[in-house]
Amino acid sequence: MPKPVILCVDDERVILESLRTQLKNAFGDKYLYETAESADEAMELIDELQDENSDVIVIVSDWLMPRVRGDEFLIQVHQKFPKVVKVMLTGQADESAVQRALEQANLHRCLSKPWHSEELVETILSGLGPQPF
């Protein structure tokens, strides 16, 4: 059975690499860590993973991205995959965007850039709930 996937979406490659490193250090080989540089690329990747029977369980998405903002992307994801834990990272989201994501995407949490690794890990753990051993 394929491992569950944590997907990070940001238009800055350095941010994606930092997220992947922090998550892999925290969770090891428990999950697969995928990245996408846009909302469109992320949606394609989610569809590919679904075709391979891999479940995306967490999405960490930037808010300020070209073409599709993070709140819009997370709302689209929520409509297709309501159980995915959605986290938004931002240095500049406006309150209405965060509120929209909370109401329409069931946003788990919004973290500010720069984020702390411990806060990111705790956010993901709290979103996933109790883990069976």
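Modeller: Gladly! Let us begin with a cut-off: a residue counts as buried when its relative accessible area is under 20%, as exposed when that area is over 50%, and as partly exposed in between. Please keep in mind that this is a predicted model.

Biologist: Why is Leu19 called buried?

Modeller: Its relative accessible area is 1%, and the cut-off for buried is under 20%, so Leu19 counts as buried. You will find Leu19 in helix α1, which covers residues 13-27.

Biologist: What does Leu19 touch, leaving out residues up to four places away in sequence?

Modeller: Leu19 touches Cys8, Val60, Leu89, Trp115 and Leu120. Contact here means heavy atoms within 4.5 Å.

Biologist: Why is Gln22 called buried?

Modeller: Gln22 has a relative accessible area of 19%. The limit is under 20%, so Gln22 is buried. Gln22 also lies in helix α1.

Biologist: What makes the pair Gln22 and Trp115 a polar contact?

Modeller: Their side chains are joined at 2.7 Å, and a polar contact needs a pair of N or O atoms within 3.5 Å, one able to donate a hydrogen and the other to accept it. Apart from neighbours within four places in sequence, Gln22 is in contact with Trp115, Ser117 and Leu120.

Biologist: Is Ser61 buried or exposed?

Modeller: Ser61 has 0% relative accessibility, so it counts as buried. Ser61 lies in strand β3, residues 56-62. Not counting residues up to four places away in sequence, Ser61 touches Val9, Gly70, Phe73, Leu74, Val87, Met88 and Leu89.

Biologist: Which kind of peptide bond joins Lys113 and Pro114?

Modeller: A cis peptide bond, with omega about -10°. Most peptide bonds are trans. Pro114 lies in the loop between β5 (109-112) and α5 (117-128).

Biologist: Now the whole chain: how many helices and strands are there?

Modeller: There are five helices and five strands, and along the sequence they follow the pattern β-α-β-α-β-α-β-α-β-α.

Biologist: How do you know that the radius of gyration agrees with a compact globule?

Modeller: A compact globule of 133 residues would have a radius near 14 Å, and the protein has 14 Å, so the two agree. The C-alpha trace spans about 40 × 30 × 30 Å along its principal axes. Of the 133 residues, 44% count as buried.

Biologist: What share of the contacts join residues at least 24 apart?

Modeller: Among contacts between residues at least 6 apart in sequence, that share is 66%.

Methods
Residues are numbered from 1 along each chain as its sequence is written. This is a predicted model: local features need pLDDT of at least 70, side-chain atom pairs count only at pLDDT 80 or more; totals for chains, interfaces and linings use all residues. Side-chain values use heavy atoms; hydrogens and water are left out. Helices (H or I, at least four residues) and strands (E, at least two) are DSSP runs, numbered from the N terminus. The radius of gyration is taken over C-alpha atoms; the globule rule is 2.2 Å times the number of residues to the power 0.38. Buried means under 20% relative accessible area, exposed over 50%, partly exposed in between (1.4 Å probe, protein chains only).
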